[in-house]
Amino acid sequence: MNATHAPHTLVAYSSKNGSTAEIARWICEVLREEHLDAEVAPVSDVPSLAPYDAVVLGAGLYAGRWPAEATRFARRHRQALSEQDVWLFSSGPLDSSAAERSIAAVPGVARIATRVNARGHITFGGRLAEGARGLIARQLLKNGKGGDFRDRERVRAWAHEIAAALAGVPGKR
Ligand SMILES: Cc1cc2nc3c(=O)[nH]c(=O)nc-3n(C[C@H](O)[C@H](O)[C@H](O)COP(=O)(O)O)c2cc1C
């Protein structure tokens, strides 16, 4: 056993319809491949950030915002987050825009990034699939606006960047 440990990293997410949860799992998978001590969990299952050295926090976008549970999580853990290495991601656009250009964080998420001094933010495409909850979701699907615009390789490439940035950061456990 080495004297120093890999940074203990949490990938926390808020996902109403499951697609951001899957992105979070893809990120965690890469961090583990890169020998980081990584876990993935919905924000509702994370009572404290004390066990972690680094946090990746992401949520699906709804009407230009993260769901309330995600912004509440960032507010509640603001102190811990501002002392850790933090990356944020959003998942949303139901078209190819996120694959074609870099999409800025929505204002509420940009504020969180500033408050916690996040090391980065990225917007990934989203997914809207049959079975999504809510009237608007069902209308969008009826109008042919559904689809999966997530790019797993882009997600994995971003996770590799995080792993590279965390290389050499000593873990506390
Ligand atoms: C009612 C509704 C509102 C949405 N609003 C936005 C939005 O403002 N911006 C955006 O980029 N995507 C928007 N989307 C697309 C979602 O962000 C996308 O489906 C995302 O992958 C959902 O993540 P989840 O499955 O983890 O909940 C919206 C989808 C629905 C159903």
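On a 1 Å grid laid over the protein atoms alone, a pocket is an open set of points with protein on both sides within 12 Å along at least five of seven lines, a cavity is a set of points where a 1.4 Å probe fits but cannot get out, and lining residues have an atom within 4 Å of a point. The model here is a predicted one, so local features need pLDDT of at least 70 and side-chain atom pairs count only at pLDDT 80 or more, while totals for chains, interfaces and linings use all residues. Residues are numbered from 1 along each chain as its sequence is written, and side-chain values use heavy atoms, with hydrogens and water left out.

The largest pocket comes to about 480 Å³, a volume being the space filled by probe spheres set on the grid points, which are joined across faces, edges and corners. Its lining counts 23 residues, and those nearest the centre are Leu-61, Tyr-62, Gly-92, Leu-94 and Leu-128. Helix H1 (19-33), strand S6 (127-128) and H6 each put at least two residues into this lining, with H6 giving the largest share at 3 residues. Helices (H or I, at least four residues) and strands (E, at least two) are DSSP runs numbered from the N terminus. Sorted by class, the lining of the largest pocket holds 10 nonpolar, 10 polar and 3 charged residues; Ala, Val, Leu, Ile, Met, Phe, Trp, Tyr, Cys and Pro count as nonpolar, Asp, Glu, Lys and Arg as charged, and the others, Gly among them, as polar.

And the ligand? The largest pocket is the space that the ligand takes (a molecule sits in a pocket if more than half of its atoms lie within 2 Å of the grid points). Around the ligand there are 19 residues, with Ser-15, Thr-20, Leu-61, Tyr-62 and Gly-64 coming nearest; to be near, a residue needs a heavy atom within 4 Å. This shell splits into 7 nonpolar, 10 polar and 2 charged residues, and H1 and helix H6 (135-142) each supply at least two of its members.

A polar backbone atom of Leu-61 is 2.5 Å from a ligand oxygen. For Lys-16, a backbone N or O atom sits 2.8 Å from an oxygen atom of the ligand, and for Pro-93 the corresponding value is 3.1 Å. On its own the ligand exposes 640 Å², of which the protein buries 84% (Shrake-Rupley areas, 1.4 Å probe).

Next comes the second largest pocket, at about 290 Å³. It is lined by 15 residues, and Thr-71, Gly-108, Arg-111, Ile-112 and Arg-115 are the closest to its centre. Helix H2 (68-76) and helix H5 (107-115) are the elements giving two or more residues to this lining, and H5 has the largest share, 5 residues. The classes here are 7 nonpolar, 3 polar and 5 charged.

The largest cavity has a volume of about 30 Å³, and Ala-98, Ala-99, Phe-124, Gly-125, Phe-149, Asp-151 and Arg-154 line it. That lining has 4 nonpolar, 1 polar and 2 charged residues.

Key. Polar contact = N/O pair within 3.5 Å; in protein donor to acceptor, adjacent residues only side chain to side chain.
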